[in-house]
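Dear colleague,

I am passing on the structure below, together with some notes on what was found in it. Please read the notes with the structure open beside you.

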Amino acid sequence: MGIFKKDPAGALIREAIDACPDGICAATPEGRPILVNRAMNQICFELTGHTVTNAAVMRSDIEKAASKAQGGIPALAAEEDPHNNACEQKNPLIVIMKDGRVWQFAAKDLELEHGKVVQYEASDVTELYEYRQRLADNNRRVAELHRRQRDLLENIVRNNTEKELLEAKVSIHDNIGRLLIRTGQALDRDVRDEEADELFESWRNEMDDLVNSSEQVTMKENTPEKELLKVAEMIGCKVFFEGEQPAERESLLLLYAAIREALTNAVRHAGADELRVAIEKSADVYLVTISDNGSASGNDPFHEGGGLGSLRKRLEQAGGSMRVDSSEGFVLHIELPLAG
Amino acid sequence: MFNALIVEDSRVSRESFERELETIENCRLAASIENAANAVIACMKGDIDLVLMDVCTADNESGLTAAAQIKKYSPGIKVIIMTSMPEYSFLERAREAGCDSFWYKETDEIPLAEVITRTLEGDRVWPESEPEVYIGLVSAGEFTKRELEVMRALTAGHRYEEIAEEMDISVNTVKYHVKSILQKTGFRSTVQLVAEVVEKRLILPKY
């Protein structure tokens, strides 16, 4: 400070620096202040209870105040700014004052003619900080809306199917209601044979529809085993199962996708006529081993083609995994996620 | 004698196709199944000459994917794609897969039996146009190819950024397409659009 006292130009500079709304402080590396402007003194006073007497102490006080406020405070200078190079601090300190203003502190080492100087700066980033907060909030909201939209899409398809099933059921319900009334009326009086036949026919049709529609309702829960065994038999391959099949629908469908792939490979490339599927349930996964009696030998060149590749992708997307062991024949090891 | 495989997951439709097949003299039913992926296996040994293939089959397996597989290994097997869905991409994808014929279950003017006989004789029977579907104020035919692609990505739940990357265009171009689609249809939001597109089955993202 003293260096400007006798120099009128210095006094002008000093005045200008004091008028600066940002905090400025220059100090020796040990912390002895050379120049502190009004704003910096004020910020320091608000934070620590005294003006800047030692810049190094001020720095550690600010660091403490900033770390108290850490968590949830986005670093404002986090984006790489090509104009700020290495001499500037990587993570600027952010301090929120009691009155809501937000200051960002930065320290810069300067090499001057007569030695090293550390320049401290405090800039008012209140507005920027608020925008940043609002942006973060908005991003969170966008992500949430997007998640809900995805759920909605899933539901549109399901709701449409359910709507159609419901319509079918309502129609059956109405038809049966009408039939009941007609039958009741018919029982109350003598019925002609043709009328009785017609009624009987109507009942039979209605019952057929009922059976069909209830099959449609439960169809999604059918076990895929029966149909797989049927097509395997068509190509002369027997499939043997050991262990309990997954109860989770998704894992069950993945299991059958894997069995189909293994079956296709075994028959097409190794002439197998038997396929073994062993399922073991561990604490958090189903371990499945699929092997065959085909002629694939360890010498055959093996590469993971389209079918196996897409099976691996499907398994990994669902949180499962796949390993091919072609050292002796061809064995497919897969892991399927257990629910939960 | 031709051996036919029926792939259809609705029992009512399956039974009606089986009856239809019975009326064709030189055809017999080898098997009826519900899951298209199993059809690929059933066709491996060369006993099947004809496949009547639904597109949206059991457990979300796509009949078009299965048809492409069957045609890849056994191009001699005749495949007829049957669907009741107006999904715009099905026709094109069936052609790409090398399918022989294509039949719209509910709206086609040619009866299935005729499609089967002609296909077995080596004819290719295709509908002249896709069923007309209205999305908001416009017929689906009025969307451009790019707009349809954007709509497909929207129904799959992708964000503008993801769509831009998938289609190798800028986010602003995606927004431009979306705006144009909304203007054509008169919808106020993409949610409304997607709901309509899926409900009318113009786009079925799973198949």
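This is a predicted model: local features need pLDDT of at least 70, side-chain atom pairs count only at pLDDT 80 or more; totals for chains, interfaces and linings use all residues.

Leaving aside residues up to four places away in sequence, A:Ile156 touches B:Ala195, B:Val198 and B:Glu199. Is A:Ile156 buried, exposed or partly exposed? It counts as partly exposed, because it has 18 C-beta neighbours inside 10 Å, whereas 20 or more would be needed for a buried residue and 12 or fewer for an exposed one.

The contact between the chains takes 27 residues from chain A and 25 residues from chain B. On the side of chain B that touches chain A, the elements giving two or more residues are helix H1 (11-22), strand S2 (27-33), helix H2 (36-42) and helix H9 (190-199) of chain B. Sorted by class, that side of chain B has 12 nonpolar, 8 charged and 5 polar residues.

Within chain A, 5 strands form an open sheet with antiparallel pairing, in the order S2-S1-S5-S4-S3. Strand S2 (33-36) and strand S3 (93-96) of chain A are the edge strands, each pairing on one side only, and neighbouring strands of the sheet are turned against each other by 20° on average, direction ignored. Helix H2 (residues 38-48) of chain A packs on this sheet, where it touches S1, S2, S3, S4 and S5 of chain A, and its direction makes about 95° with that of S1(A). Strand S1 (residues 23-27) and strand S5 (residues 115-124) of chain A pair in the antiparallel sense over 5 bridges, and A:Ile24 stands opposite A:Glu121 in S5(A).

Note on methods: Residues are numbered from 1 along each chain as its sequence is written. Chains are lettered from A and ligands numbered from 1 in the order in which they are written. Two residues are in contact if their C-beta atoms, placed from the backbone, lie within 7 Å. Helices (H or I, at least four residues) and strands (E, at least two) are DSSP runs, numbered from the N terminus. Ala, Val, Leu, Ile, Met, Phe, Trp, Tyr, Cys and Pro count as nonpolar, Asp, Glu, Lys and Arg as charged, and the others, Gly among them, as polar. Two strands pair if DSSP finds at least two bridges between them. Axes are lines fitted to C-alpha atoms, for helices over the stretch in contact, and angles run from 0 to 180 degrees between N-to-C directions.
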